[in-house]
Amino acid sequence: MKRCAFTAAIFFTCAALAGVAPAFAQSTSTSANFALLHAPPGDSVGGGRMTGATVVADVSIGDPASGLVSNVTGGGVQAKCNFVGQLYDVASVSIAASPATINEGGTRQLTATATLDDATTLALNGLAAWDYSPPITFIDTNSGVATAGAVFQNMQTQILASYRGVTGNIQLNVLNVNPDNFGAYASDGLDDDWQVLYFGQPPNANAAPTADPDGDGRDNRLEFLSGFLPTDPESAFQFTISGFSSPGVMDFNLNKVIPGRTYTLKESSNLIAPFVTVSDFSASTEETDKLIQDPSAPSGRNFYIIEISKP
């Protein structure tokens, strides 16, 4: 059956009709917000117009029983075989997304649906008014496709869809799939969530990889890789040589190692020749006072460096 809006073939207002005096003194059917007038009795070959204080109803082929209360459905709305359209009120609006996640920079199909007061549903893509805020950057009104911007961490956002004064909502999780793409902090080699944690939202010059805001001689790149605080001069990475623990075995100490990093010990005999790898390792848990060794250390002068990298 064709459905109609308030201004379609049947004209009405959503108000109870207490005190209405219809032109045809017949029984009426009512819902919570409107009433339907009985068709003219015996009008089986033509049509007519019924009027009340707040209702004008154009009818088609008459059906004397169509306006009886017994034809009100379980949803509370008249099932009318002699009216051109179907009157309805919107009971609720819902939004669906499968899954309810969206990658930053990606899209997700949203489907808005109105449930009417006769328990039927109406697809609202192209009809609903959308309301959203960052990190959602756009929702196509016709298709319902949402687009997300960059985030520095996983973020939850609420999206609203409204139709005929009724609003529904959905919570979407925007996933941080690229750790280094957020605003002015993008593509600088430091994770965006780390920079926001210590320096707030971009831009902030103190968050630059080569900046040393706490003045401890370690720039933000080293503080980030080694797991120390970039805003505390007492928090800094230390790499020290302990000496020979046995002939040919040189001991080194790292004051802290953290998971998610690779530590590579390298040596050179004269600072001119390239440094070559002695050993490397990754930590499964955070450790302090980590001992590492060169098992074939020369007895003479030698130079060592430690490299920290994030896979």
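Colleague: OK, what kind of model is it, and what is the mean pLDDT of the protein chain?

Modeller: It's a predicted model. The protein chain has a mean pLDDT of 81, and 72% of its residues reach 70 or more.

Colleague: Where does pLDDT stay under 50?

Modeller: One such stretch is residues 37–46, which still has 33 contacts beyond four places in sequence in the model. Residues 58–83 are also below 50, with 82 contacts in the model beyond near neighbours in sequence.

Colleague: Good to know. How many helices and strands does the protein chain have?

Modeller: Two helices and 21 strands. The chain is 311 residues long, and 39% of them count as buried. Among its contacts with a separation of 6 or more, 51% are between residues 24 or more positions apart.

Colleague: Let's do sheets, then. In what order do β6, β9 and β10 come?

Modeller: That open sheet runs β6-β9-β10, with antiparallel pairing. β6 (90–96) and β10 (121–123) are at the edges with a single partner strand each, so one side of each has no neighbour in the sheet. On average, neighbouring strands there are turned by 25° against each other, ignoring direction.

Colleague: And how many bridges are there between β6 and β9?

Modeller: Six, with β9 covering residues 111–116. If you want a spot to look at, Ser-94 stands opposite Thr-113 in β9.

Colleague: Which strands make up the open sheet with β17 in it?

Modeller: β16, β17 and β20, in the order β16-β17-β20, again with antiparallel pairing. Its edge strands are β16 (239–246) and β20 (287–294), each pairing on one side only. The twist from one strand to the next averages 30°. β16 is joined to β17 (residues 249–257) by six bridges, and Gly-243 faces Asp-251 in β17.

Colleague: What does β14 pair with?

Modeller: One partner is β11 (residues 129–131), antiparallel to β14 (residues 155–163) over three bridges. There, Asp-131 stands opposite Leu-160 in β14. β14 also pairs with β15 (residues 166–175), antiparallel too, over nine bridges. In that pair, Met-155 sits opposite Val-174 in β15.

Colleague: How many residues are between the strands in the hairpin of β14 and β15?

Modeller: Two, and Arg-164 in that hairpin takes a positive phi near 55°.

Colleague: Switching to helices: which residues of α1 are buried?

Modeller: In α1 (residues 192–199), they are Asp-192, Trp-194, Gln-195, Val-196 and Phe-199. Part of what covers them is α2 (220–226). Just after α1, Gly-200 has a positive phi of about 80°.

Colleague: I noticed some rings. Which residues do ring pairs link into a cluster?

Modeller: Trp-194, Tyr-198, Phe-199 and Phe-224. Two of those, Trp-194 and Phe-199, are also on the list of buried α1 residues. The count of aromatic pairs comes to eight.

Colleague: What lies over the face of Phe-224?

Modeller: Arg-261, at 4.9 Å from the ring centre. There's also Lys-256, whose charged end sits over the ring of Phe-228, 4.3 Å from its centre.

Note on methods: Residues are numbered from 1 along each chain as its sequence is written. This is a predicted model: local features need pLDDT of at least 70, side-chain atom pairs count only at pLDDT 80 or more; totals for chains, interfaces and linings use all residues. Side-chain values use heavy atoms; hydrogens and water are left out. Two strands pair if DSSP finds at least two bridges between them. Helices (H or I, at least four residues) and strands (E, at least two) are DSSP runs, numbered from the N terminus. Axes are lines fitted to C-alpha atoms, for helices over the stretch in contact, and angles run from 0 to 180 degrees between N-to-C directions. Rings of Phe, Tyr and Trp (its six-membered ring) pair if their centres lie within 6.5 Å; planes under 30 degrees apart count as stacked, over 60 as edge-to-face and the rest as tilted. A charge sits over a ring if NZ of Lys or CZ of Arg is within 6 Å of the ring centre and within 35 degrees of the ring normal. Buried means under 20% relative accessible area, exposed over 50%, partly exposed in between (1.4 Å probe, protein chains only). Contact means heavy atoms within 4.5 Å. pLDDT is the predictor's confidence in each residue, from 0 to 100.
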